[in-house]
Amino acid sequence: MAAAMASQGERAVLEEEFKWLLQEEVHAVLRQLQDILKEASHRFALPTSGSGGAVKQENFVLSTSGTDQVKGVLTLQGDALCQADVNLKMPRNNQLLHFAFREDKQWKLQQIQDARNHVNQAIYLLMNRDVNYQFKTGLEVLKLMDAVMLQLSRARNRLTTPATLTLPEIASSGLTKMFTPALPPDILVNFYINLNKLCLTVYQLHVLQPSTTKSFKPAGGSVLHNPGAMFEFGNQRYEVSHVHKVECVVPWLNDALVFFTVSLQLCQQLKDKISVFSSYWNYRPY
């Protein structure tokens, strides 16, 4: 009898602790997550609805170690490259090429736009459970955390995993038509985000003549194509002869990635606390 009463007493304590967790600690974590994710959203420097103010422009110098084949300055305004000024030294004859965006053009960086949209969706999920909302079960909290973590993982992945593109896709991209003077036919360029860096890849090409003895093997999709990669575009076959990758660190992208990591850790810690209650005496607060 005493053992049964002790068991009932312990269960009552557990139930009180779990009730406090649902009513107090869960909302404290949700408020903390909202604060962190709002800071992350602000880092993307895009105007919120109704704010109206112009987004500031930031200049970044492109660089890489060990080569000066490509140099330039990129101007970033929120999720758009509004100016790119690039110098390319051709290895064959040391000819210097200069090309820049036309004044009426800017290039949207879909990775940044998508990442911010996922952050805002996570904030929306959290704000739907305001301080007056009463969580009834642990399962309800777990489902909310899973939904928030899914959005945060997608936001992080958009910045850490650039799109894989084929060389014909790069060649037909609207990016090739944005420059003045126009890019020569033996030059391809691609911009993308990788972690906290804004990257520019320049591909120099040479035409594969019909008489070539090389076996034509078109390259598939990749973030970065290597010299020797072949493709067909406009009834002409090409081979990549040189690849130049230059990049610049964007500090606020690094901030955003840190905020994502901290938020994911907070979500997981709350999930772990909820799950602990299911391991005692078959007590399942679900």
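This note sets out numbered points on the predicted model shown above.

1. Basis of the description. The model is predicted, and local features need pLDDT of at least 70, side-chain atom pairs count only at pLDDT 80 or more, and totals for chains, interfaces and linings use all residues. Residues are numbered from 1 along each chain as its sequence is written, and side-chain values use heavy atoms, with hydrogens and water left out.

2. Overall composition. The protein contains five helices and ten strands, taken as DSSP runs numbered from the N terminus (helices: H or I, at least four residues; strands: E, at least two). Buried residues make up 41% of the 286 residues of the protein, where buried means under 20% relative accessible area, exposed means over 50%, and partly exposed lies in between (1.4 Å probe, protein chains only). Among contacts between residues at least 6 apart in sequence, 67% join residues at least 24 apart; a contact requires heavy atoms within 4.5 Å.

3. Packing of H2 on H3. Two packed helices are described by the angle between their axes and the distance between the axes. Helix H2 (residues 110-127) packs with H3 at an angle of about 165°, and their axes are 8 Å apart. The axes are lines fitted to C-alpha atoms, for helices over the stretch in contact, with angles running from 0 to 180 degrees between N-to-C directions. H2 and H3 are therefore roughly antiparallel to each other (angles under 35 degrees count as roughly parallel, over 145 as roughly antiparallel, 65 to 115 as roughly perpendicular and the rest as oblique). Their crossing is left-handed, a term used if the near helix is turned anticlockwise from the far one by less than a right angle, with right-handed used if clockwise.

4. Composition of the H2–H3 contact. On the H2 side the contributing residues include Ile112, His118, Leu125 and Leu126, and on the H3 side they include Leu144, Leu152, Arg154 and Leu159. By class, the contact of H2 with H3 has 13 nonpolar, five polar and three charged residues. In this classification Ala, Val, Leu, Ile, Met, Phe, Trp, Tyr, Cys and Pro are nonpolar, Asp, Glu, Lys and Arg are charged, and the others, Gly among them, are polar.

5. Arginine 154. This residue belongs to helix H3 and counts as partly exposed, at 39% relative accessibility.

6. Packing of H3 on H5. Helix H3 (residues 138-160) also packs with helix H5 (residues 251-276), at an angle of about 160° and with the axes 9 Å apart. That makes H3 roughly antiparallel to H5. H3 passes H5 in a left-handed crossing, and the contact of H3 with H5 has 15 nonpolar, seven polar and three charged residues.

7. Glutamine 34. Helix H1 (residues 2-43) contains glutamine 34, which is buried, with a relative accessible area of 14%. Not counting residues up to four places away in sequence, glutamine 34 touches Leu126 and Met127.

8. The structure holds six aromatic pairs (rings of Phe, Tyr and Trp, its six-membered ring, with centres within 6.5 Å; planes under 30 degrees apart count as stacked, over 60 as edge-to-face and the rest as tilted). Phenylalanine 99 and phenylalanine 179 have ring centres 5.2 Å apart and planes at 85°, so the pair is edge-to-face. Phenylalanine 99 lies in strand S4 (residues 96-101) and phenylalanine 179 in strand S6 (residues 179-180), so the pair ties together parts 80 residues apart in sequence. Both phenylalanine 99 and phenylalanine 179 are buried. Phenylalanine 101 and phenylalanine 191 form an edge-to-face pair, 6.1 Å centre to centre with 80° between the planes. This pair links phenylalanine 101 in strand S4 to phenylalanine 191 in strand S7, 90 residues apart. Phenylalanine 101 is buried at 3% relative accessibility, and phenylalanine 191 is buried at 5%. Phe99, Phe101, Phe179 and Phe191 form one aromatic cluster.

9. Asparagine 196 is placed in the loop between strand S7 (187-194) and strand S8 (197-207) and is buried, with a relative accessible area of 15%. Leaving aside neighbours within four places in sequence, its contacts include Cys248, Leu253 and Leu257. Valine 73 lies in strand S2 (residues 70-77) and is partly exposed at 33% relative accessibility. Valine 73 and cysteine 248 are 175 residues apart in sequence and 9.2 Å apart in space, C-alpha to C-alpha.
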